[in-house]
Amino acid sequence: MLRFIKNFFIVLGNLFRKPRTVVYPKERIIIPESSRGVLHLKLDPDTMEVICSGCGLCSIICPQNCIEVKKRVEENGKEVLDDFSLDLSKCIFCGNCVEFCEMNAITMSYQYQLAGPKKENLILGKSDLIKPSGKIRDFW
Amino acid sequence: MLLILKKIFYILLLLAVNLYICDYAGNKITARMELRRGYRITRLASSGFPVVRFIKDLSSGNKINIWTFYIFIFSFLMWSVVPITAGLVLIDEEYSLFIAVVFYITLLIMLVLNSSRSNYTGVFSENCKKLLMVFSFIAPVLLSILSIILLNKTLSLKEIVNYQHNYWNVVLQPLGFIIFFISMFFQLKLLGIIKKSYVSTGVYGGKEGKGLEKIIERLSIYMIIFFLIIILNVLYLGGWQNFYIIRGEIMVAFKFYLIFVILLFMDKITGRIDNYKLMVRINWKFLIPASVVNFLITLGFFVARDVYNLVLF
């Protein structure tokens, strides 16, 4: 009986509280800070080139083996990133790659709306991961 | 003839308006109680939500079978004898309470039987459970009504209201009122206004109708709830008696919506009671014994007063 009385006051209070849900496509709320979305390859602000040197540590450390890194050596002997692909169908957004990156070249963006009609679209290339739009803190 | 047509029109209009208000308010209030915004469709179409849902359901199928048609007819038939207010009744019958209860029980049975149509195995036991539950909740209602009949010595709903010009029956029959209300509340839970009902959807065989069939099923469930609220009002809460300077019709509307909102509140407070055993236990261990005790007390009082002249008032 006490439980019912307690429930009564909760239900009564709820009538005067703000709803916790939103009608999704129409209304959105800011996603929480430090949420983990798709990877983002950082760019050097001076040269506007990718910071990543293609060392491949992220692909080694990835528990799902969803990262593939290819590197090439330039004429001056410097190692640069040739290709970077991320398979979103495997990624569990654990954030290990970000933590282990020595160059601090990867961050997690706030991009989370990843559903698509084709599985092929879930494999993101270097150009997709550089796009700044994924870095912006979105609303959901 | 014209007068009857006018009355039919008024009754149907009143029922339609009440359906609209209760469907909209029920969904809105339930959503707010759960801290939800409400259905998306409610937000888009705002107060047009019941109409939008009606059209949406209708578009998914318009075929009905003969049982659903009977349910549709019976859900309106009960309003021919139940007086909503003093003037709003088609047939002013001396046994209106008896006829109304017969219509109500028939409608409930037809609802259960309608959900029993299935080709799956294991339906029989499931439907036996449903029948047991439905009838175990009808029993206390009938016993409470019997006590009222004893008290007012009439089967006419109009006369029962007229007898309450000094005291409402709730003063003389508080236990009966509580039993009727709880039983009514569990019937609401069983039939399910906002949620899917246990009667129409079961674990094995019961199926949820679609299209027009679903609309009629919902309509009949609303009609049963409306009927129970009106009967509770008439039997215990003074019906359309004026309350000081407030007119009776306004009082009926006020009490109707008050009871409806209280029922919604209780629905949320008690949470989900899916286990039919729990409901049967509540019923067989509390409601039916209490209603029997109430009936026996009432009967004993009248026997002591009228037969043995033991009570001097």
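Visitor: How many helices and strands does chain B have?
Guide: In this predicted model, chain B comes to 12 helices and 0 strands. Read from the N terminus, the elements go α-α-α-α-α-α-α-α-α-α-α-α.

Visitor: And what percentage of chain B counts as buried?
Guide: 49% of its 313 residues. As for contacts in chain B between residues at least 6 apart in sequence, 80% of them join residues at least 24 apart.

Visitor: Let's do helix packing. At roughly what angle do α1(B) and α3(B) cross?
Guide: Roughly 100°, with the axes coming within 9 Å. Here α1 of chain B is residues 2-33 and α3 of chain B is residues 49-59. An angle from 65 to 115 degrees counts as roughly perpendicular, so that is how α1(B) sits relative to α3(B).

Visitor: Which residues meet there?
Guide: From α1(B) you have Tyr20(B), Asp23(B), Tyr24(B) and Asn27(B), and they meet Phe49(B), Pro50(B), Val51(B) and Arg53(B) of α3(B). Sorted by class, that contact has 5 nonpolar, 1 polar and 2 charged residues.

Visitor: What about α3(B) against α10(B), how do those axes cross?
Guide: They cross at roughly 135° and come within 7 Å. That makes α3(B) oblique to α10(B).

Visitor: Which residues make up that contact?
Guide: On the α3(B) side there are Arg53(B), Phe54(B), Asp57(B) and Leu58(B), while α10(B) brings Leu212(B), Lys214(B), Ile215(B) and Arg218(B). Arg53(B) is on the list for the α1(B) contact and on the list for the α10(B) contact.

Visitor: OK, switching to cores. How many residues are in the largest nonpolar core?
Guide: 79. The residues with the most contacts inside that core are Trp79(B), Tyr104(B), Phe180(B), Met184(B), Phe227(B), Leu235(B) and Tyr236(B). Helix α10 of chain B, residues 212-236, gives the largest share of the core, with 17 residues.

Visitor: Take Met184(B). What does it touch?
Guide: Leaving out residues up to four places away in sequence, Met184(B) touches Leu228(B), Ile229(B), Leu232(B), Ile259(B) and Leu263(B).

Visitor: Which residues belong to the other core, the one of 22 residues?
Guide: Among them are Val50(A), Leu81(A), Leu86(A) and Leu122(A). That core lies apart from the largest one.

Visitor: Now Ser291(B). Which helix is that in?
Guide: Ser291(B) is in α12 of chain B, residues 276-307. The relative accessible area of Ser291(B) is 1%, so this serine is buried. Its contacts, again without residues up to four places away in sequence, are Pro140(B), Leu143(B) and Ile179(B).

Visitor: Over to chain A. What order do the strands of the open sheet take?
Guide: β2-β3-β5, 3 strands with antiparallel pairing. β2 (67-73) and β5 (123-124) of chain A are at the edges with a single partner strand each, so each has one side without a neighbour in the sheet.

Visitor: How many bridges are there between β2(A) and β3(A)?
Guide: 7, and the pairing is antiparallel. β3 of chain A covers residues 79-87. Val73(A) stands opposite Glu79(A) of β3(A). The hairpin of these two strands has 5 residues between them, and Gly77(A) there takes a positive phi near 90°.

Visitor: And how many bridges join β3(A) to β5(A)?
Guide: 2, with the strands running antiparallel. Asp87(A) has Ile123(A) in β5(A) as its bridge partner.

How values were computed: Residues are numbered from 1 along each chain as its sequence is written. Chains are lettered from A and ligands numbered from 1 in the order in which they are written. This is a predicted model: local features need pLDDT of at least 70, side-chain atom pairs count only at pLDDT 80 or more; totals for chains, interfaces and linings use all residues. Side-chain values use heavy atoms; hydrogens and water are left out. Axes are lines fitted to C-alpha atoms, for helices over the stretch in contact, and angles run from 0 to 180 degrees between N-to-C directions. Helices (H or I, at least four residues) and strands (E, at least two) are DSSP runs, numbered from the N terminus. Angles under 35 degrees count as roughly parallel, over 145 as roughly antiparallel, 65 to 115 as roughly perpendicular and the rest as oblique. Contact means heavy atoms within 4.5 Å. Ala, Val, Leu, Ile, Met, Phe, Trp, Tyr, Cys and Pro count as nonpolar, Asp, Glu, Lys and Arg as charged, and the others, Gly among them, as polar. Two strands pair if DSSP finds at least two bridges between them. A nonpolar core is a set of buried Ala, Val, Leu, Ile, Met, Phe, Trp, Tyr and Cys residues joined through side-chain atoms within 4.5 Å. Buried means under 20% relative accessible area, exposed over 50%, partly exposed in between (1.4 Å probe, protein chains only).
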